[in-house]
Amino acid sequence: MERICEPELMDDAEQARAYADADFAAGDRALLKRTEDLFGPQLGPRIIDLGCGPGNISFLLAERYPTARVLGLDGAPAMLAIAAARLQATPDRWPGLSFQHLLLTPGGALPQEGRWTAVVSNSLLHHLHDPLVLWQAVRRLAAPGAAICIKDLRRPSDPAALEGLVQRHAAGAPPVLRRDYAQSLRAAFRRVEVEAQLQQAGIEGLAVRELDDRYLEVWGRLA
């Protein structure tokens, strides 16, 4: 099945609220545990979450690493508004956490390049029409030896497999989420494609592996 791009930004208010209200806690916590399994109890003093959406993983990182600075970046103001409202409600709970609106573009400005000791991202890659935008951002943001942990969907082999995944994992979700989930699966990459992207971007030291029936994981320390 060929890749079909989806919109890069999720900035519809109804869409943003549906994602904020959905229960992704198990997957979000699984990603956090995975960082601990891969890199131990510390990710260093500066952690950046690319494509943070409503901030679910950013908040988990800030709780797990309370002495670190955690920055969540996203290009969708509607998503960031939800994250900012949650942060402003109890700011003392996450003193090191902040959010910033930033749309990743080729060669565009990035915050404090070369200084982040960990770069985390969940479900951003498949949104990007040009996937090299993400890998170029990783190269520019990460400090030498930075921990990299990126998780994303994996494109199924054919429409029947795609429909099976939607039924298996999103049958009870609101219609907007079922629609977006199907679009995201069509827009996702396969392992061999991501490996080629890393090679094209000149990134060494990262491994790509398939997880269960629908995910890819890219991890390692930036060489």
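The model is predicted, so local features need pLDDT of at least 70 and side-chain atom pairs count only at pLDDT 80 or more, while totals for chains, interfaces and linings use all residues. Residues are numbered from 1 along each chain as its sequence is written, and side-chain values use heavy atoms, with hydrogens and water left out.

**Overall build**

- The protein chain contains 8 helices and 7 strands; helices (H or I, at least four residues) and strands (E, at least two) are DSSP runs, numbered from the N terminus.
- The radius of gyration, taken over C-alpha atoms, is compared with a globule rule of 2.2 Å times the number of residues to the power 0.38.
- The protein chain has a value of 17 Å, which agrees with the figure near 17 Å for a compact globule of 223 residues.
- Along the principal axes, the C-alpha atoms fill a box of roughly 45 × 40 × 35 Å.
- Of the 223 residues, 50% count as buried (under 20% relative accessible area; exposed is over 50%, partly exposed in between; 1.4 Å probe, protein chains only).
- Among contacts (heavy atoms within 4.5 Å) with a separation of 6 or more, 75% are between residues 24 or more positions apart.

**Strand β1**

- Strand β1 (residues 46-50) is largely enclosed by the rest of the structure, because 5 of its 5 residues are buried.
- Arg46, Ile48 and Leu50 point one way from β1, while Ile47 and Asp49 point the other way.
- Two strands pair if DSSP finds at least two bridges between them.
- β1 pairs with strand β2 (residues 69-74) in the parallel sense over 5 bridges, and Asp49 stands opposite Gly72 in β2.
- β1 also runs parallel to strand β4 (residues 116-122), joined by 4 bridges; there, Leu50 has Ser121 as its bridge partner.

**Helix α4**

- Helix α4 (residues 77-89) has 13 residues and reaches 18 Å from its first C-alpha to its last, close to the 18 Å expected at 1.5 Å a residue (1.5 Å times one less than the number of residues).
- Its buried residues are Ala78, Met79, Leu80, Ile82, Ala83 and Leu87.

**Gly220**

- Gly220 lies in strand β7 (residues 215-221) and counts as buried because its relative accessibility is 5%.
- Ala207 is 13 residues from Gly220 in sequence, and their C-alpha atoms are 6.3 Å apart in space.
- Leaving aside neighbours within four places in sequence, Gly220 is in contact with Phe39, Ala146, Ala147, Ile148, Gly205 and Leu206.
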